[in-house]
Amino acid sequence: MARRTKIHVGLEIGTSKTCIVVGEVKPDSAVKILGIGVTKSAGVRKGGISDFPQARACLKDALAKAEDASDVEIGSVYLSVTGSHMQGVNNRGTFRLPDNQPNILPEHLEEACNIARDVHYPQDHVCLHTIIRKYLVDGLEQSASPVGLFAKTVEADFHVVHGIGNRIQNSIKLVRECPLEVDDIVFAPIATAQMALDREQRLRGALLIDIGGGTTDYVLYLEGAIAASGCIPVGGDHVTNDIHLVTGLPFSKAEKLKILEGNASSDPSLSVGFAKLTDESGFADVEVKRAILNEVIRQRLEETLKLVHERLPKGAVEKIGAGVFLTGGTSLMNGFSELAFDVFGRDIYRPEASENSDSDHPSYRDPRYATAIGLIRYAQILETENIKPPGCLGKLFRLFWPFGR
Amino acid sequence: MISYQRDSRETIPASAVKIIGLGGAGANMLERIALDSIEGAELLALNTDIRTLASCLAKDKIQLGVNLTKGLGTGGDPELGQQAMLEAENAVRAALVGQRIVFVCAGLGGGTGSGAAPIIARIAREEGAFVVVFATMPFFFEGRRRREQAETSLNQLAVLSNALVTFDNNRMGELVLAKQGIHEAFGAADRMISESIKAVIRLVIRPGLINVGLDDLMSALRTTRSRCLFGSGIADGKDRALKALRNALSSPLLDQGSLLKEAQTVLVHLSGGESLTLYEIELLMRSLQKHVPETAHVLFGAAIDPAMGDNLSITLISALPEDSLTAGERDSISHVSEPAAKPEAKAPSLLDIENPFLEIDRKAEAPVAIETRESGQPLVEASPAADESGDHQDALSITESRSEPPPEIGVLFQESERGEPSESEPKTPKKEERPFAESELTEATAGIEPQGNISDDSSISRDQPKYRMPGKQLWGKSEPPSKGKPEDNDPFVDDITPPSPPVEKAPAPQLKLDPKFPSPQSELPFDIAPKGRFEGENPNVFDGEDLDLPPFLRKKK
């Protein structure tokens with residue numbers, strides 16, 4: 001099917017930065033990044049909006065930068081959301097075929113899917129994603145469509161992501177006030193995975209951990225299907241805060257120390273002597289024992305990774321074939337992969353920080369933009385999946401009911 | 001293999017252990033214990049209410065107050081519970097003869113539990129048993145009256161029993177998830193008590209490789225007027241040593257192990273199947289070392305019990321003096337107390353750190369007296385009939401007390417008795433006054449009673465608390481602590497009032513301010529630790545740990 005070139009925009013309102021990526025999807029479904037607009041976030045805490053006007057100002061700034069860089073007038077965005085309230089659960093729906101119906105018909109499948117999607121979640125939560133994991137025919141796994149097969153029962157295995165409606169609504173309201181349209185909302189790690197993991201890695205089993213400023217999002221793929229996802233409200237800010245609390249340094253110095261001198265691995269040879277920061281005049285500004293600094297960082301990150309580990313289903317880590325993929329700003333921490341290996345015992349993949357990440361043309365492979373870029377991939381996949389894109393009515397409907405699809 | 005008989009004195013025969021369930025709550029705990037089928041121990045249920053007693057699973061049952069309550073409950077009146085108990089004293093005494101360890105399980109706050117528990121403890125002690133009391137404190141929503149009854153009873157039990165383990169119902173939430181049913185919450189509390197009893201029994205009955213016996217238990221709990229710290233955990237699998245320790249430390253009674261920090265003596269008992277290795281013990285003890293002070297006396301015991309299979313259980317027992325438990329708490333309470341209460345709330349909290357016993361008396365006395373007068377002032381309008389006598393007596397007592405105390409007390413007593421009928425209806429305004437009055441009483445009695453006057457005339461009929469208040473109040477005020485021994489002519493002083501140091505009684509008046517008051521395990525860390533950037537946000541709690549605090553600081557504890 002011949003299609004036109006389409007431009008998608010991904011927006012991530014993170015705890016440390018607000019990031020807009022403009023991407024162009026060519027008819028051959030290649031993606032070209034046209035521009036990125038990034039500003040430091042303010043008024044966002046642990047993935048949730050705490051100060052509306054500030055967050056709006058940041059978003060406007062990022063929007064202006066992105067429009068400038070890409071030379072595109074942005075009208076609508078794909079928005080990623082996260083927060084500790086987001087939960088991913090697996091649910092299975094079973095449908096027993098009527099006696100006079102030996103074959104699985106599409107409506108039977110539909111019924112099984114509906115049962116599987118109907119996850120019991122709290123009243124104030126709304127469903128964000130319902131992703132099919134696999135179908136089972138008579139209890140046997142069948143990944144592809146089972147329509148037409150002889151069977152007694154058909155089961156559908158779904159992964160359902162839900163979160164507190166009001167908090168998600170806050171992010172949407174922020175974007176609408178810009179004013180921008182929201183094409184769709186995506187749980188952040190799922191978007192990131194579109195960019196960080198390829199199909200083969202997903203088939204072999206991969207865990208993606210996106211450690212940002214305020215939250216750590218994770219998503220686990222096993223056998224090509226999403227097996228777990230969630231969010232832990234701990235991130236790089238916590239590391240800085242820990243350094244601040246333990247050493248008594250101000251935040252700015254603690255942040256600098258963390259980035260320049262911190263090391264998360266438990267290698268004792270790296271914990272000798274003092275970590276120093278020099279000010280402009282060349283004098284030593286702050287001095288902290290490396291042993292303490294590294295231990296503070298390591299304990300925080302180790303705990304975070306262990307929390308992720310605990311939340312994964314039992315035995316899932318052993319099934320990870322491809323490895324653990326780390327993204328997000330905090331994953332740039334020195335020695336982080338050693339630490340992650342200690343916790344998970346799997347291959348660790350970590351994108352390297354690019355040289356020119358501070359310049360006006362940030363690298364597209366920078367792990368800090370992984371989520372926003374992933375959103376574009378997500379949009380592209382959505383586009384191909386939806387053979388019939390939502391019509392005028394559908395768009396109107398989405399305007400008022402942005403959850404679920 | 002040659003087996004040899006251990007010295008029988010070293011261990012306690014199983015038949016010498018008795019578990020008493022007292023009142024309705026006690027019966028529930030007993031039921032749980034019966035379901036867990038503790039070997040050896042005999043169960044005895046005591047209750048005034050014949051219906052619950054009849055449905056109880058215990059082997060032995062004694063009905064209290066056969067003539068007094070006639071098979072009904074006490075209706076929440078500890079007075080009745082006490083008298084019912086005294087009525088059945090002989091039967092209970094007969095049941096306790098020859099017992100080496102007696103566990104008393106009671107829910108304080110009601111009639112039977114609060115009234116009878118101290119007496120049972122006394123009887124058991126008199127029969128030469130080691131008495132361990134497990135008491136649950138009432139929910140905060142049950143009201144201050146029950147809370148006070150429970151407090152009174154608890155203070156008596158602290159003196160009378162060898163070990164006192166309190167469990168606050170308000171902390172029940174920590175044992176179960178919020179969405180779990182109420183029966184599970186109560187069940188969890190009962191289960192914890194049952195586990196504790198089982199662990200103590202296991203400790204003293206089973207001869208160990210490295211034996212700990214009753215003597216070690218005694219020395220772990222030696223501090224008088226103490227609250228017991230108790231934690232027991234069981235685990236199996238690869239990492240069982242540390243898991244068991246973690247489970248033990250997660251006991252609400254230990255406050256994540258932070259309370260062990262101040263312990264002087266800690267008894268650690270390990271029990272495991274035949275697969276118990278020395279390495280595991282070493283690992284466990286080493287990580288336990290982080291939780292107890294270096295100077296603490298660690299009494300270590302280990303036993304091999306084939307019945308444990310692959311499991312490893314650890315029991316931690318220690319005791320803290322009560323004043324050290326309440327010291328921190330009072331600080332936090334004084335923040336929330338209303339301004340009027342501040343002067344006297346602050347004074348002790350600042351003082352007792354250095355010198356818990358001497359100074360508070362003097363310093364706290366004065367502001368309290370003033371306070372009471374002030375808070376009593378509006379009462380004159382509210383209930384003239386009631387308060388006229390009170391006010392009048394105040395003046396009277398203050399002027400006269402210095403010169404001629406003994407006759408004056410008699411006079412006061414009569415007067416307040418006369419005031420009784422009018423006192424009965426204006427109950428609500430009285431409430432404001434009550435805490436202060438109470439504190440004075442306790443302080444005054446603490447000051448004037450150098451030694452406990454246990455069990456001379458315990459059957460003296462008490463007056464209704466409502467009526468008692470004014471009497472107490474002026475008596476506390478009128479009586480300078482230097483005076484002689486007024487117990488003889490004052491029937492208000494509880495016959496079993498402990499020779500209490502004033503320190504731990506002082507916080508009693510602030511009771512209403514803090515829902516979790518009497519339990520030592522307060523939520524201290526949230527307020528104390530700075531959270532830097534995340535200051536003032538909702539605590540980011542996951543698995544009982546506040547994620548906003550640096551793990552570096554959390555894990556060091």
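The legends below describe close-up views of a predicted model.

**View 1. The largest nonpolar core and the residues with the most contacts inside it.** This core comprises 102 residues, and those with the most contacts within it are A:Ile20, A:Val21 and A:Leu208. For A:Val21, when its neighbours within four places in sequence are left aside, the residues in contact are A:Gly10, A:Ile33, A:Ile36, A:Tyr369, A:Ala372, A:Ile373 and A:Ile376.

**View 2. The hairpin of strands 1 and 2 of chain A.** Strand 1 of chain A (residues 6-13) and strand 2 of chain A (residues 17-25) run in the antiparallel sense and are paired over eight bridges, with three residues lying between the two strands of the hairpin. Within this pairing, A:Glu24 of strand 2 stands opposite A:Ile7.

**View 3. Strand 1 of chain A beside strand 6 of chain A.** Strand 1 of chain A also pairs with strand 6 of chain A (residues 76-81), here in the parallel sense and over three bridges; A:Tyr78 in strand 6 is the bridge partner of A:Gly10, a residue that is also in contact with A:Val21. Six of the eight residues of strand 1 of chain A are buried, so this strand is largely enclosed by the rest of the structure.

**View 4. Helix 4 of chain A, residues 188-196.** Because nine of its nine residues are buried, this helix is largely enclosed by the rest of the structure. The buried residues include A:Pro189, A:Thr192 and A:Gln194, together with A:Ala188, A:Ile190, A:Ala191, A:Ala193, A:Met195 and A:Ala196.

Terms used:
Residues are numbered from 1 along each chain as its sequence is written. Chains are lettered from A and ligands numbered from 1 in the order in which they are written. This is a predicted model: local features need pLDDT of at least 70, side-chain atom pairs count only at pLDDT 80 or more; totals for chains, interfaces and linings use all residues. A nonpolar core is a set of buried Ala, Val, Leu, Ile, Met, Phe, Trp, Tyr and Cys residues joined through C-beta atoms within 7 Å. A residue is buried if 20 or more other C-beta atoms lie within 10 Å of its own, exposed if 12 or fewer, and partly exposed in between; C-beta atoms are placed from the backbone. Two residues are in contact if their C-beta atoms, placed from the backbone, lie within 7 Å. Helices (H or I, at least four residues) and strands (E, at least two) are DSSP runs, numbered from the N terminus. Two strands pair if DSSP finds at least two bridges between them.
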